[in-house]
Structures are given as structure tokens and as C-alpha cells.
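Reader: Please state the conventions before we discuss any details. My questions follow after that.

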Amino acid sequence: MQIVGIDTGGTFTDTVILADDGRIGVGKSLTTHGRLMEGVIASLGVAARSLGRNLRDILETTDILSHGTTVGLNALLTGSGARVGLLVTAGFESTLPMARSNKVHGLPDEDSINALKWRKPDLLVSRRRIVGVDERIDVDGRIVQPLDEQQARRAIRQLVSRGAEAIGIALMWSPVNAVHERRLADLVAEEAPGLHVTLSSELAPRIGEYERTATVAMNAYVAPLVGDYLASLEEALRAEGFVGLFLIVTMGGGVRRAKSLRDAPVHLLQSGPVGGIMAARQVGARLGHADVLATDVGGTSFDVGLVVGGTLPNATRPRIDRHSLAVPVIDLASIGTGGGSIAYVDAELGVLRVGPQSAGSMPGPACYGRGGTQPTVTDAAVVLGYLDRLGGALHLDRGAAQAAILALAEHLGMEIEAAAEGILRVANAQMADLVRRASVQRGYDPRNFVLYAYGGAAPQHVGRYAAEIGVKSIVIPRLAPEFSAWGAAASDMRTACEIELPARSLRDFCDIEIEAFDRLEQRARGEFDGLGEAGFSKAVDIRRKVGLKFSRQLHRIDIDVPGACLGPAEIAVAEAAFRARYEQIVGRGAAHAGSTIELAAIVVEARMPISMPEAAKAPRRGVPQPVRSRNAWFHGREQETPVYLWDDLGEGAEIAGPAFIESEQTTAVIHPDQTAATDADGNLTIAVLRRGKAPAQPSIEELA
């Protein structure tokens, strides 16, 4: 059994090969924007060579290839998606433009207090291409007004004449009765064969017409591009000899077959960051860490997620680029602070800012030597001596980094090292602030968590931002630079099917819900047909859940139930579990004993484990010895700092800071008064000083 995981990020494309002999191959190459397949193939080639093999040999012997991609998200963020036509129930043509009326939902904190920036999300569908069709179904699923097929055909032709390249269909109460949506899909196939069609009743069968309609519009917007990319990538891989199973990471957790996601690409918009947090959960389970703060520092962003009691919480109000979603999404928070984030002086306030603008991979930070001239976080790290190479063969140009930082330093009126220190301090403060918001604002005390740091730039920064938070300890996984790719390779296949219902008392659970559970389970099991021969366990783990809420509330909480039939005893257990979870989220005493608990949804989750090859253990070695040293700045002064090779560290090795631990893909910075130790898997654990115990550091003003 050989498994490959690939993650395409904003700056780098990473590959991890889990070979059947226990060896692990890794590869990293610059992401080729506009030609993403080239970056994927290049990264695969680097990983193959790390095992002493060639690309074709690897692909011909690979059983499963799992991919996390940003192609759909990039299309959404850059406005390069398809021209969408939207069919809605007549009279509801303004559902999407009206949004939720509140103009600050999803705005960054710094913009939510600036009235000049208050606006609704940008429309993905031109108002000229939103057309109503004559039909109506009521809350109970009864047909109040039959679908006018002749008028519907005219509406479809109208959308085509206005340039629609994909069609979304979102009718009122379609989650309860989808007959009109399915018929409209048939009519689109007749009137405009070849156009991609998205049905809200299949993609997002949830009650709440705005979120459901927005999700349909988003899916239709990215579907043609993502579908073409997945088909082209699979064709390119097959041409190189790949004959295994092609899977994609979903932002709801787990992997699914690529062919099943070509029509529903909204599920993979954030698949890269989700791959990382799934990997954090797996490593946490192996190391006995049930509560993990997962932090991912890449080239363009900083992502934070939680593992709570070994589970990954879903976002209650998921949004991407301020667009609401009605599909499951692992709860992640992100800011535009990464290795490639550009530092500048705010023209209005005269203060130092970092991000969210990024140098990306082209031209990249100035130190990459690819034509970049703007100062970035990575350039600051190079100036201070923390880095001198990146990605093994990519040696960094310190002169170019100094030139970029010098221009900023002169503008600020300070020495170059002080400016570089200021950039890192601002960047790390932003990261620490996001970690606090992602934990404390969700009711969790970060002091009860272990912080995992991964992504290519995390080992450089975690010693700073973690010390301010007060976590138990830091873990830098052995494959931190390719952690999201490893998460893709190590993920189980998962799928979830659900139906939201008009809310009514849970105690009225009846045969209708039992039949719905059975239908959803049959649909979920269909995703796993034939996978027993492809390296997965033949046993499918089925979990049934009910979505519960208090009367008159909007948002549900999903609770596990033992089976399809809920008698009085099972209902009492479900209600008690709901109240406990509600108080954990909202606060003790918030679940009033007399409040009616309503059934709002039924959910079936299915999982099939993957058969992972056993990785080789790190051998025990003697006392680690540095291979060289270099001068670096810590606490405002330059110090000669030893450099260790990660691969030379055996189980139980301990290194006191200041020190650098280098791998072929990253450098871990161990600060003064910190110590790092390795375990049997090659992970680094760093002992964290509580905030206030570190030596006093001069302020940026003092350094100036």
C-alpha cells in the first residue's frame, strides 16, 4: 500500500509519499499560479527523488492519491469564476442581493468600525442573470403552484442569451420537496445541454433561503473551472502512469472521490487548511493530546483551528470571503499573515503594518531572488539570521533581503535590524491575537491546550507567538512543512448527508424521520462502493445524528443518536446531551430546563478508514552535535547560534536555545531560555516560558 498526499498552497505546493516500506518522501516546489498542474507535477518529482525513485515509478505503484487544492478558492477571491445564471421562485429574485441586510457580517475587525467600508458581499451573480420561475411549494412540501414549464423554458433561454456559463437552481422549500428543482434540471439539460447545473436540494438541503442560495451561487461560480482542473490533473497523472484512486480533501473533513466533487466543488474551497487540522488531530491522538490548538503559518496566511476532545468542531456560521455557506465546514480562523506578507508603513497613522498583501510565489519575497523588492516577513527573518535557505536547494539572498528591509528602515528612521525585529514582532503579535480570538472567544482557555505549529514558516515563528498565549507546550510535527499534504494522505474517507426539516418537538419523532435516516444512509454508503479493494477497510462506520435547537432559535447543534428509532429513553439521552453541549458553547445555566427542544435536522455521517503503511521510527543516537553556526539576533543583540540537522536528532535528543534545527524544508528557531526535545516519531516538543518570564525586550521605539 502506497499513498501520496499533495497540497497546493498560495506559495508552495507540497507532496508527501507514504511508501509501503515505511519510508516517507517529501517534496516542495513553488506554486505555479495559472498553471497549478505544473507545480503539482514538479512537487511530485521532488518527492520521488527524495526516495531515490522517478515520477513514473512512484505513480505506477501508488494506490491512493489525495489532493488538497485552492483552485476554487482562488477563483472566488480573484473574481475569475464562471458567469452564473440563477433560477429562483418567482418573487424571490432579490434574496441574494438583499443578503442578511447587515453590512458588517464577515468584515475584518479593523473594517467593522469604519463606516466607509460597510457593504454587503459582492454579488457572484449579476442581477440580470437572476430570473424567477412560476412555482411554489409550502413548508410541508405540498405543491401550492405547479411548475410552469413553458415559462421555465423561456427563463432558461433568457439566461443563456445573457451569457450564463453555469446554472444554479434554488427554489423555496426545496429541502422538503425537491420535485420542481429536479424537473428544472431536466429542462436545463434540454434547453442548454452541457451547462453545469447546481441544485440546492442536492448540494445544501438546509432551511434558510439566503444561505442556501448563496451556496448554490458559489458552487456554480467555481464549478466549471474546478471541474476542468480536476479532470485535467487526473488525466495528467494517468498519463504519467497513475492507476490508483484519486481523492480530494473536503473542508468538512476527510477525503472523497474527485469525480463526486466535480459537480460540488464548494466542498473543497478550504481543503488545504483542513488537511492540516485533520493531521493535527491524528498526531494528537497518537501523542495523547485530545485538546490541540492547530496553527498553520504558510506563505500567505495564518490559520488556526481547534481539536476539542479529539473532535473537530464545525463552524456555526461559515463564510468564505464574506459569502455565507450552507454546507459543513471545519471551524477555522484565518488572517493574511505569512512568510510572504508585505511590511509597510500606514500612510495615515505612520505605524508599521504587516499584511494582508503577500508577495506570493511570483515574485515572492526579495530574498528568493526572483525580482521581488518589497520587504516581507521572510526577508526580516533572513536579515536577523534566522534563515539562510528554504526548501533545501533554495538558498536565500541575504543582500536582496537587506536592501528591501533597509528601504523600510530608512522610512521609519531606525537601524535595519530594528526594522526587521519590528516586522517579526508585529507579525507574531497578529498571530497570537488570532489564536486568542479562535480559542477564548469560543469559550476555551488556551492554557488547557497543546499548541501544534506547522506549515513552512511556523517553526520559525511559534517560539514567539506561543509564549504570549500561555499554552501547555509546543509540538512541531516532523513533517510540519508538508503537514497539510500529510493530512491529505492520512485522512479517512468521509461523507455526510443531511436534511433540514421544519422545526418541531423532538418528542414527536416518527416514521417519517426513520425513513429519511434510511434514505440518507443508503446514499452515504454509495460513496464507498468498490473501495474495499483500493486500500480502505471494508467496514463502513455509520453515525446517525439529530440536529437540535431550542424553540425560536436559529442555529442547531448535532447530537449523536444510537439508531434510527428514538424511543422515550433515547430522546431523553439526546436532550441531556444537547443541553450539556449548549451550556459548553453558550455558558453554564444557559440551557433552561423548561425550554422546548426541537428537531431541526437529521444527519448521517459515514467513514471508511484508510490502511496506512507503518512509518519508520527515529533511531536513538548520541548527544546531538551542531553542524555549523551563524550569527543571529535575539533580544536586541547578535549572538553566534549553533545549527543542528533535524535528521541527525534521534529519539530523546534535547537542545537548549538559542539554536536552529534545520530540515530540507524548514528551520525551527529555538529561542533563548527555551528547550526542544525529539520523540520516537521525530516530532519536536518545545518547553514554553510563560509570558512575563522571558528577558525584557526593548521596544521598537527604543531600538530606533
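Author: Axes are lines fitted to C-alpha atoms, for helices over the stretch in contact, and angles run from 0 to 180 degrees between N-to-C directions. Helices (H or I, at least four residues) and strands (E, at least two) are DSSP runs numbered from the N terminus. The model is predicted: local features need pLDDT of at least 70 and side-chain atom pairs pLDDT 80 or more, while totals for chains, interfaces and linings use all residues. Residues are numbered from 1 along each chain as its sequence is written, and side-chain values use heavy atoms, without hydrogens and water.

Reader: At what angle do helix α13 and α14 pack?

Author: Helix α13 covers residues 398–412, and its axis is 9 Å from that of α14. The two are roughly perpendicular (65 to 115 degrees; under 35 is roughly parallel, over 145 roughly antiparallel, the rest oblique). The packing angle is about 90 degrees.

Reader: How many nonpolar, polar and charged residues are in the contact of α13 with α14?

Author: Contact means heavy atoms within 4.5 Å. From α13, Gln402, Ile405, Leu406, Leu408 and Ala409 take part, and they meet Ile416, Ala419, Ala420 and Ile423 of α14. Nonpolar covers Ala, Val, Leu, Ile, Met, Phe, Trp, Tyr, Cys and Pro; charged covers Asp, Glu, Lys and Arg; the others, Gly among them, are polar. By class, the contact has 8 nonpolar, 1 polar and no charged residues.

Reader: How do the residues of the contact of α14 with α15 divide by class?

Author: Helix α14 (416–439) and helix α15 (458–465) pack at about 75 degrees with axes 9 Å apart, and are therefore roughly perpendicular. Glu421, Leu424, Arg425, Asn428, Met431 and Ala432 in α14 face His461, Arg464 and Tyr465 in α15 across this contact. The division is 4 nonpolar, 2 polar and 3 charged.

Reader: Which residues have the most contacts inside the largest nonpolar core?

Author: A nonpolar core is a set of buried Ala, Val, Leu, Ile, Met, Phe, Trp, Tyr and Cys residues joined through side-chain atoms within 4.5 Å. Buried means under 20% relative accessible area, exposed over 50%, and partly exposed in between (1.4 Å probe, protein chains only). The largest core has 158 residues, and helix α9 (209–239) gives the largest share, 13 residues. The residues with the most contacts inside the core are Phe302, Leu451, Tyr465, Ile476, Trp486 and Ile661.

Reader: What is the order of strands in the open sheet with parallel pairing?

Author: Two strands pair if DSSP finds at least two bridges between them. Strand β5 (84–89) and strand β9 (166–170) are joined by 5 bridges, with glycine 85 opposite isoleucine 167. The edge strands are β6 (130–133) and β10 (196–199), each pairing on one side only, and the twist averages 20 degrees from one strand to the next. The order is β6-β5-β9-β10.

Reader: Which are the edge strands in the open sheet with mixed pairing?

Author: This sheet has 4 strands in the order β28-β29-β31-β32. Strand β29 (637–645) and strand β31 (659–662) pair in the parallel sense over 3 bridges, and leucine 645 has glutamate 662 as its bridge partner. The twist averages 30 degrees from one strand to the next. The edge strands, each pairing on one side only, are β28 (628–634) and β32 (667–670).

Reader: Is glutamate 521 buried or exposed?

Author: Glutamate 521 sits in helix α17 (511–526). Not counting residues up to four places away in sequence, it touches Ile542, Arg544 and Val604. At 16% relative accessibility, glutamate 521 counts as buried.

Reader: Is glutamine 625 buried or exposed?

Author: Glutamine 625 is in the loop between β27 (597–608) and β28. At 54% relative accessibility, it counts as exposed.
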